[in-house]
Amino acid sequence: MTQQTFPLNTWYVACTPDEVKDQPFARKICNIPLVFFRNQDNEIKALEDFCPHRGAALSLGFVENGKLVCGYHGLRMGDKGKVASMPNQRVEGFPCIQAYATVERYGFVWLWPGDQTLADDSLIPELTWAISKDWAYGGGLYHINCDYRLMVDNLMDLTHETYVHASSIGQKEIDESPVSTKMKGKQVVTSRFMDDVYAPPFWQNALRANDLADDVKVDRWQVCRFDLPSHIMIEVGVAHAGNGGYDAPQHLKASSIVVDFITPESDTSIWYFWGMARNFKPQDQSLTDSIREGQGTIFSEDLEVLEQQQKNLLIYPDRKVLKLDIDAGGVMARRLIERAIKQEQSLAAKAP
Amino acid sequence: MTQQTFPLNTWYVACTPDEVKDQPFARKICNIPLVFFRNQDNEIKALEDFCPHRGAALSLGFVENGKLVCGYHGLRMGDKGKVASMPNQRVEGFPCIQAYATVERYGFVWLWPGDQTLADDSLIPELTWAISKDWAYGGGLYHINCDYRLMVDNLMDLTHETYVHASSIGQKEIDESPVSTKMKGKQVVTSRFMDDVYAPPFWQNALRANDLADDVKVDRWQVCRFDLPSHIMIEVGVAHAGNGGYDAPQHLKASSIVVDFITPESDTSIWYFWGMARNFKPQDQSLTDSIREGQGTIFSEDLEVLEQQQKNLLIYPDRKVLKLDIDAGGVMARRLIERAIKQEQSLAAKAP
Amino acid sequence: MTQQTFPLNTWYVACTPDEVKDQPFARKICNIPLVFFRNQDNEIKALEDFCPHRGAALSLGFVENGKLVCGYHGLRMGDKGKVASMPNQRVEGFPCIQAYATVERYGFVWLWPGDQTLADDSLIPELTWAISKDWAYGGGLYHINCDYRLMVDNLMDLTHETYVHASSIGQKEIDESPVSTKMKGKQVVTSRFMDDVYAPPFWQNALRANDLADDVKVDRWQVCRFDLPSHIMIEVGVAHAGNGGYDAPQHLKASSIVVDFITPESDTSIWYFWGMARNFKPQDQSLTDSIREGQGTIFSEDLEVLEQQQKNLLIYPDRKVLKLDIDAGGVMARRLIERAIKQEQSLAAKAP
């Protein structure tokens with residue numbers, strides 16, 4: 001048995017509501033093949049994608065009156081994993097399939113892949129930007145063949161922007177500015193402040209979009225916040241220099257939150273939900289679209305780096321890598337992850 | 001060593017004669033890479049696709065005067081697996097390769113992959129429709145990535161027509177009519193009779209082709225017959241209602257035999273020879289073609305269902321699936337298969 | 001652990017200098033992922049393609065002032081595998097990565113994948129045709145999915161030309177002429193002489209290019225020379241018949257050297273550097289180009305044969321193949337290879 005690499009008793013972003021239309025929708029999460037569909041109340045539900053009759057993929061079937069009908073022999077599955085009916089059959093004694101708690105909130109569908117008795121809505125992180133009229137959000141989804149922790153490392157060390165994203169958000173001063181990493185409660189926070197620098201192209205655009213001069217010096221910041229299991233919110237922004245930077249008044253800065261939900265598909269592949277929330281010109285949909293497009297291009301630059309890194313680590317599984325100060329964010333995040341997995345396992349061992 | 005999943009001392013359909021032209025033809029059957037070619041008498045012969053000289057694939061070579069010439073260094077292989085000659089070499093002491101008994105009969109090439117001393121032509125099933133002028137036949141071949149027994153299950157439980165083939169041969173009444181499954185000698189027979197129903201589109205076409213009204217009620221039947229190792233003949237048809245159904249006089253019905261030969265390529269892939277034999281308008285070639293086309297489309301609808309089911313069963317190898325009344329045909333067929341494999345193995349164990 | 005199939009304390013051709021431009025260049029050799037780049041002196045250097053910081057592929061980075069800069073977080077790697085610098089980091093204690101000896105010579109980059117203390121330039125074979133003005137060379141590179149020894153066998157037994165290359169360099173008389181194989185020092189030499197035959201199309205072209213009649217009988221020869229680890233030089237040519245063949249005066253013959261460097265990528269794949277050196281009309285670049293094109297087409301005919309042979313040998317790993325007189329070249333070459341590997345291993349075992 002391979003070692004567990006992700007916590008299960010936690011909420012992951014599984015998909016966005018628009019991915020689950022009239023038809024069932026298949027996605028593997030945490031090594032579990034799942035089918036998502038809408039029940040009679042139009043709620044999105046998740047079940048194992050395995051018909052208890054003969055093992056067909058329920059996702060190849062269809063939805064009728066909120067029941068998931070197997071496309072092979074017509075077994076009708078209820079949204080709790082209990083068979084509702086099957087033509088000419090008494091289904092009371094049929095085995096159930098596992099249902100997984102899902103919650104539609106903040107524009108995402110959240111899934112609890114572990115012990116279902118522990119699924120608790122209140123543990124879903126609060127995302128104020130997602131429900132406020134002062135904020136706009138745009139994002140996308142990438143599939144990447146790497147361990148989800150490599151993406152955590154990536155996002156908790158933005159030094160890589162200088163190299164991977166040199167033409168958009170990277171700049172020399174990132175490298176040159178020290179980083180500070182701390183635990184704040186159960187959150188890992190890693191921050192970098194670059195004062196009195198010129199904004200790179202992406203931020204020049206943002207300044208202009210914000211009706212601010214883009215050719216003057218700015219104070220730039222990056223504050224990455226990691227929460228279990230693998231949610232990373234990064235406060236990023238620039239303010240005209242000398243006005244307090246991160247704390248500058250709203251009309252002198254352009255800022256936003258880079259939103260990252262990293263959901264393991266398998267031990268070496270992920271669903272990466274990326275996006276950006278901003279609190280300037282929130283009604284400007286064309287601005288939302290152009291930021292999404294820009295961010296999509298930038299974030300796609302990480303794919304090959306991560307996939308090649310994963311390949312290298314599979315070739316040399318026992319080779320130690322370094323843990324520098326810039327890596328502290330990822331290192332602390334991994335420590336939280338390991339602890340969560342251990343707690344989970346000792347809890348499971350104690351279960352009656 | 002993995003468990004054997006198919007009998008070997010039996011006849012499988014390996015290919016159709018038209019697949020073996022002037023050139024050698026490669027096909028893997030029961031995990032054995034084979035090469036088929038025509039000898040000097042134009043008989044199709046099958047050998048291991050392995051040159052005893054250096055292991056090259058003989059199928060990349062050519063046929064000359066009924067000998068199979070290796071395309072690498074010119075070794076000439078005879079049709080019994082004994083080397084005939086090689087330029088500048090004395091070949092008497094060369095090792096032989098395994099030859100496999102083949103018989104061209106009924107428009108198919110039959111292969112005996114097991115103990116060659118037991119290969120007996122008389123064990124090839126008799127197919128009267130294949131040699132009678134009163135019948136026409138059209139068919140095709142699909143490669144599907146699934147255990148051959150999943151296809152046996154599929155064909156021995158036609159309930160799936162309602163779902164997989166809803167727009168052509170499926171209809172609600174299939175689900176609603178009980179099925180009866182029996183052993184008749186060494187044959188598993190599973191039957192379903194639907195009286196006084198409307199014909200689905202495929203059968204409306206057949207009625208018209210048979211010069212019968214297609215808008216009146218019919219009695220419909222499906223009689224599936226499984227024979228070892230994996231041959232399934234399905235008598236299907238409709239008769240104008242109230243005339244005896246299956247036993248109605250010829251001029252009041254449209255009927256045919258769905259012909260299925262399922263040949264394992266590997267433990268999780270098959271060559272599926274499908275077709276339809278009919279005893280109405282047998283000379284009408286364009287009718288044969290249009291039926292073949294329709295059937296090809298319908299049968300292609302099973303591919304994804306079966307391949308996804310196979311994937312699910314590989315993910316959960318120990319998970320039990322149900323054995324309902326509608327599954328009885330497949331269940332009994334699998335019992336015959338298991339018994340045949342066991343007999344084969346105890347026979348092999350006793351061999352001197 | 002699988003058995004070692006190739007010597008490591010030896011020089012392999014890794015690439016050609018033109019493959020390593022301004023950017024780093026990735027190639028796996030002998031199962032080692034390598035990155036090639038040019039240092040400040042424009043020398044090509046080879047390192048493990050593994051950044052000691054976090055395991056990223058260095059080949060995705062860039063070269064700056066002769067240093068290899070990791071494209072992920074900017075670690076700057078020196079050409080000996082020692083980290084030169086990293087923004088904001090003290091790198092003295094960073095682990096090194098393995099550097100591999102490389103030599104640019106004769107138009108190739110030679111790599112020593114084994115014990116670096118034993119790398120000795122003087123062991124690179126002398127290639128007089130590569131440095132003489134009387135010779136011209138053209139060649140190319142193929143990637144083939146086969147054990148490198150299958151390609152050694154292929155080139156040390158040119159009988160296959162009759163079959164694989166029937167339309168270009170093959171001819172019946174190759175088969176009919178005996179072959180002679182001998183050890184000459186540490187070199188395996190296998191020769192075939194065909195007197196008083198008609199030249200096949202490739203050699204007719206060469207005769208014409210050499211201003212010689214192409215419709216008269218010729219004496220043809222093939223002298224294959226194998227040197228460790230897997231270099232094969234084949235002297236080939238035709239002379240107007242009766243003038244001494246191989247020893248005929250220059251103006252009565254067309255001759256050249258088929259150049260083959262076979263470099264293992266993995267146990268079952270190779271980088272195959274092929275080419276032809278000729279000592280007639282060496283200044284005629286368009287002749288060089290047309291020969292290269294012709295040879296490229298001919299040599300591509302071997303790919304499928306070798307890849308299918310490899311697949312067969314993987315299916316039947318314990319099956320013995322024949323060792324005929326025509327196979328003696330490959331057999332002796334394999335004996336040299338095995339001995340070299342054994343010596344290497346006993347040397348390594350003795351190491352302190």
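Biologist: Which residues of H1(B) are buried?

Modeller: The buried residues are B:Tyr148, B:Arg149, B:Leu150, B:Met151, B:Val152, B:Asp153, B:Asn154, B:Leu155 and B:Met156. That makes H1(B) mostly covered, with 9 of its 9 residues buried. Buried means under 20% relative accessible area, exposed means over 50%, and partly exposed is in between (1.4 Å probe, protein chains only).

Biologist: Before we go on, what should I know about the model and the numbering?

Modeller: It's a predicted model, where local features need pLDDT of at least 70 and side-chain atom pairs count only at pLDDT 80 or more, while totals for chains, interfaces and linings use all residues. Residues are numbered from 1 along each chain as its sequence is written, chains are lettered from A and ligands numbered from 1 in the order in which they are written, and side-chain values use heavy atoms, with hydrogens and water left out.

Biologist: OK, back to that helix. At what angle do H1 and H5 of chain B pack?

Modeller: About 130°, with the axes of H1 (residues 148-156) and H5 (residues 285-315) 10 Å apart. Helices here are DSSP runs of H or I with at least four residues, strands are E runs of at least two, and both are numbered from the N terminus. H1(B) and H5(B) are therefore oblique to each other; angles under 35 degrees count as roughly parallel, over 145 as roughly antiparallel, 65 to 115 as roughly perpendicular and the rest as oblique.

Biologist: And which residues meet there?

Modeller: From H1(B), B:Leu150, B:Met151 and B:Asn154 meet B:Asp302, B:Leu306, B:Gln309, B:Gln310 and B:Leu313 of H5(B), where contact means heavy atoms within 4.5 Å.

Biologist: New topic. Where is the cis peptide bond in chain B?

Modeller: Between B:Leu228 and B:Pro229, with omega about 0°. B:Pro229 sits in the loop between strands S14 (218-227) and S15 (231-240) of chain B.

Biologist: What about the bond from C:Leu228 to C:Pro229, cis or trans?

Modeller: That one is cis, with omega near -5°. C:Pro229 is in the loop between S14 (218-227) and S15 (231-240) of chain C.

Biologist: Now chain A. What is phi of A:Asn31?

Modeller: Near 70°, a positive value in a residue other than glycine. A:Asn31 is in the loop between strands S2 (25-29) and S3 (32-38) of chain A, and at 34% relative accessibility it counts as partly exposed.

Biologist: And A:Asn88, where is that?

Modeller: In the loop between strands S8 (83-85) and S9 (99-105) of chain A. A:Asn88 isn't a glycine, yet has a positive phi of about 65°. With a relative accessible area of 46%, A:Asn88 is partly exposed.

Terms used. Axes are lines fitted to C-alpha atoms, for helices over the stretch in contact, and angles run from 0 to 180 degrees between N-to-C directions.
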